[in-house]
Amino acid sequence: MAQTNSTGNTKHVKKRTMLQETWRHLIRNRGAVLGMLFLLFLVGAALFSPLIFDYEKDVIGQNMQDRLMAPCAAHWFGTDEFGRDLFARVIYGARYSLIIGVGSVFLGLIVGTILGSQAGFRGGVVDSIIMRGIDIFYSIPNIMTAVVIVSLLGTSTVNLMIALAFSCASSFARIVRASVMTIRDQEYVESSYAMGLPTWKIIVKHILPNCLSPIIVQITLLIGTTIISASSLSFLGIGVPAPAPEWGALLSAGRGHIRDASYMCIIPGLAIMMTVLALNLLGDGLRDALDPKLKK
Amino acid sequence: MAEDLVLDIKDLVVHYETEDADVCAVNGIDIQISKKRTLGLVGETGAGKTTTALSILNLIPNPPGVIKNGSIHLDGKDILKMSQEDLQKVRGNDVAMIFQDPMTALNPVMTVGEQIGESIMLHQNISKQEAFEKAKEMLKMVGIAESRAYDYPHQFSGGMKQRVVIAIALACSPQLLIADEPTTALDVTIQAQVLELMKQLIQEKEMAMLLITHDLGVVAEVCEDVAVMYAGRIVEKGTADDVFNHMRHPYTEGLFDSLPNLKQRGEQLVPIRGLMPDPSDLPPGCSFAPRCPYATEACTKSIPPLKSVEGSKTHFVACTAYENPDFSLRRNENGK
Amino acid sequence: MIKYIVKRLVMLVPVILVTSFLIFWAMSLTGGDPALMLAGDNAQPEQVEQIREELGLNDPFIVRYANYMKGMVTGDMGKSYVTKRDVFKTFMERLPNTLLLGGTAVVIAVLVSVPLGVYTAIHQNTWKDTAGMIFALFGTSMPNFWLGLMLIIIFSLKLKLLPTGGKGGIDSLILPAVTVGFGLAALITRTTRSSMLDVLRQDYMTTARAKGCSEKRVIFTHGLKNALIPIITAIGLQMSLVITGSVLAETVFSWPGIGRLVYDSISKRDTPMVTGSIIMCSILMCIINLVVDLIYAFFDPRIRAQYSKKG
């Protein structure tokens, strides 16, 4: 698939690499550009938040005389029940959401790719065992899995990441396996065999590049879902431990003040939604840009 | 003469308008078919044959397809001016269509009996059960056991599926049958069977047929009249005898040159050089001129109109070369 | 066909064994010492030891697992540490509430999303399509527990139309069901749209039009029936989302379902309750998956044929 992209559509257009071609399609997609800009802003905020705010003082330091202040000039997003500035907490929270989202997806990607390529390449018993395992795993709601894993390992950011990585892994394993199965029997792969290339080299050189586009799209979309899952678990109290300003934990705290300080419920949720929305916009844009069928 | 016409297409122009380009698929064609006659519409892939066929049912996908100009009279009524309701009454009842690929033309989640019966049910105002019974009769007519009406398309072979498609098309005994490459997707042995079946049924039901194909052999087998289409225009038309034995257009000659001749096995096949022009960027003059071995300066200036061939009422050709009375094709000279 | 169902049911057994083993193992590692919890803070060591003996906690792990499975066959999954009530019974009491919530959510989602998906597909690349897709995009981007909170703020606190939580009349079901159903609706809308777009391009749609079918008949009789398979797959795959959504919605709306049960048991470290509920949930998921597969067969003759052959 990837190979035909660059050569298939060169009739009218100047020859471009696949990367340039994809980029050109992507930046013509308004939604994707919007998503990218928001994500850039968010990454920037996450990176520089320690320079802007003092974690000990601004983010987790309590300040009881300022508690539950509605959004105003001094506190853009208001303050929580301990008088902590919500703006500082939300901006700082981006670090958690992004690190957990990206971390568990990449952890899942590594595990999933290994499992999926083994299943697809070896077939037979190995395939059956791996895929049945994944099927079983898939049939349990991932929040249950996460509950079991977190209660097994204890609540911490890393453990939450591991718990969420599990469901990402099964999703990647399926994609990789499906691609491997279709490519495995292609003649150019057979000819590489005939030339004596070792299996792992064939996987890395021929097979992985071919499932790159669905994987890239899946990474973007899964980061979004994982951020939601992470905040859900924190909301239930089994995610990132307090007093870290994870967005789901902020919502959980806000829930107690839904009557007197509804902004505490509204704002962190908006942050989650906009982040995931940006990721979904980018993911959809990438899907269109990488799909050779849609290119004219 | 005019009352005899089942189908009368005049100056039909169909474009596909996409963001990037305006694709001129059909550029002003005239086609007439009289009752009980069979016309073969011949041309390469991309010549606009299927577009023409779909226009007759007013089924051009819009967007991007737009019928720019022309009229299509079916038994005296203009299809292009009909309301949706009237069109639905005409489709399947007065005109029916057989599609190129029987593998994809049948709905995979309905039994074939239901699919044949649907057309009868829609047009004859009868219940589903009665329609199903009639569908069984249709199946028998195309040579499939009645009991198979309860089966689904995936349980049939390609040839059988095409028989089912034919049964659907003929279910309401239309006056005009449009067959769009009905045998292309089939095995050669099955092709002959299906063709034979169609020929027989058309005679039985006294239908007119528009047979679209790129296969001159099929035309010779079935058709009384022939129209040769190139880049959205009719370049030559006449009776089968006119076109096969007294061809006038260089493109027609090219088509025959690229066919193997059983009588002269030693002869080399001559392909037509070049490719069909991009229909979104047609040359200004005769669209065949860039590939034509006889082309002159004049050919690129204006589009030649379809003119009747001297001494014939049925034979027409669109070629500038015949303005020179001495011109004749190589093939015809050799033949003489 | 019946053979196939039986075969699938038999195949469930090893799946249930493996999952329950994993869950049982994980939970037995985490639960802390249940005997200590049961005995209370100022219990004598002998009392603790006695409870331990009674519960069979001194047996090796495998024996405990075997005993647990033996009990499970007869519907005995132990007693809650906290309420002392039978786990299986408690679960079964709560289950109808979750099924009601999840079921209503799925029904609402399907009723909204399938027509919307078909509509957007027919009007592809128009503003109607864009509007529908923006709705779907927001639906998939919103954490549903947050949507629940927003609904409470708007409909319960500001407009005072619906209750903030608990299980009462039909009005108490609306907000939780919308909360669970919204994200689902968004996903099904997207699937329906792309599946329908695919079907609209198929030749048999032209065949149907050429037969003289009205556009409505073409879309709904010929189109939707074919587009349904991927839609059912999507709904089936999202069942775990429904369960997840229910856990969260039940927490937000204090809805007495199994999600709430699991949440409460976790926070109270009620190991038998958690173990039992999660095992039962996974069995429930397996059954739902089987039902989804059977629904496929109902809609697609090709799959039906495959099942009969295999069976």
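This is a walk through a predicted model, chain by chain and then across the cores and the surface. Residues are numbered from 1 along each chain as its sequence is written, and chains are lettered from A and ligands numbered from 1 in the order in which they are written. Local features need pLDDT of at least 70 and side-chain atom pairs count only at pLDDT 80 or more, while totals for chains, interfaces and linings use all residues; side-chain values use heavy atoms, with hydrogens and water left out.

Let's start with chain A. You'll find 13 helices and zero strands there, where helices (H or I, at least four residues) and strands (E, at least two) are DSSP runs numbered from the N terminus. The C-alpha atoms of chain A fill a box of roughly 75 × 50 × 30 Å along the principal axes. Of the 296 residues in chain A, 52% are buried; buried means under 20% relative accessible area, exposed means over 50%, and partly exposed is in between (1.4 Å probe, protein chains only). Look at contacts (heavy atoms within 4.5 Å) between residues at least 6 apart in sequence, and 70% of those in chain A join residues at least 24 apart.

UniProt, in an unreviewed entry, lists "transmembrane region" for several stretches of chain A, including residues 32-53 and 215-241. Those positions are given in the numbering used here, with feature names shortened, and annotations may be inferred rather than shown by experiment. In the model, residues 32-53 of chain A are 95% helix and 0% strand, with end C-alpha atoms 30 Å apart. Residues 215-241 of chain A come out at 78% helix and 0% strand, with their ends 31 Å apart.

Over residues 7-256, chain B is 39% helix and 28% strand.

Now for the charged pairs. Over all chains there are 22 salt bridges, each a side-chain nitrogen of Lys or Arg within 4 Å of a carboxyl oxygen of Asp or Glu. In one of them, Glu181(B) pairs with Lys49(B), the closest N and O atoms being 3.0 Å apart. Glu181(B) sits in the loop between strand 7 (176-180) and helix 7 of chain B and Lys49(B) in helix 1 (residues 49-56), so the bridge ties together parts 132 residues apart in sequence. Both Glu181(B) and Lys49(B) are buried. Over in chain C, Glu93(C) bridges to Arg85(C) at 2.7 Å between the closest N and O atoms. Here Glu93(C) is partly exposed at 44% relative accessibility, and Arg85(C) is partly exposed at 37%.

Next, the inside. A nonpolar core is a set of buried Ala, Val, Leu, Ile, Met, Phe, Trp, Tyr and Cys residues joined through side-chain atoms within 4.5 Å. The largest has 159 residues, and those touching the most other members include Met144(A), Trp247(A) and Met72(C). Helix 13 (residues 263-290) of chain A gives the most to this core, with 14 residues. A second, separate core of 107 residues includes Val6(B) and Phe244(B).

Finally, the outside of chain C. Val18(C), Phe21(C), Leu22(C), Trp25(C), Leu29(C) and Ile62(C) form a nonpolar surface patch with about 560 Å² of accessible area together. Patches take residues with over 30% relative accessible area and no salt bridge, joining like charges within 9 Å and nonpolar side chains (Val, Leu, Ile, Met, Phe, Trp, Tyr) within 5 Å; accessible areas come from the Shrake-Rupley method with a 1.4 Å probe, and for residues only the protein chains shown count as cover. Helix 1 (residues 2-30) of chain C gives the most to the patch, with five residues.
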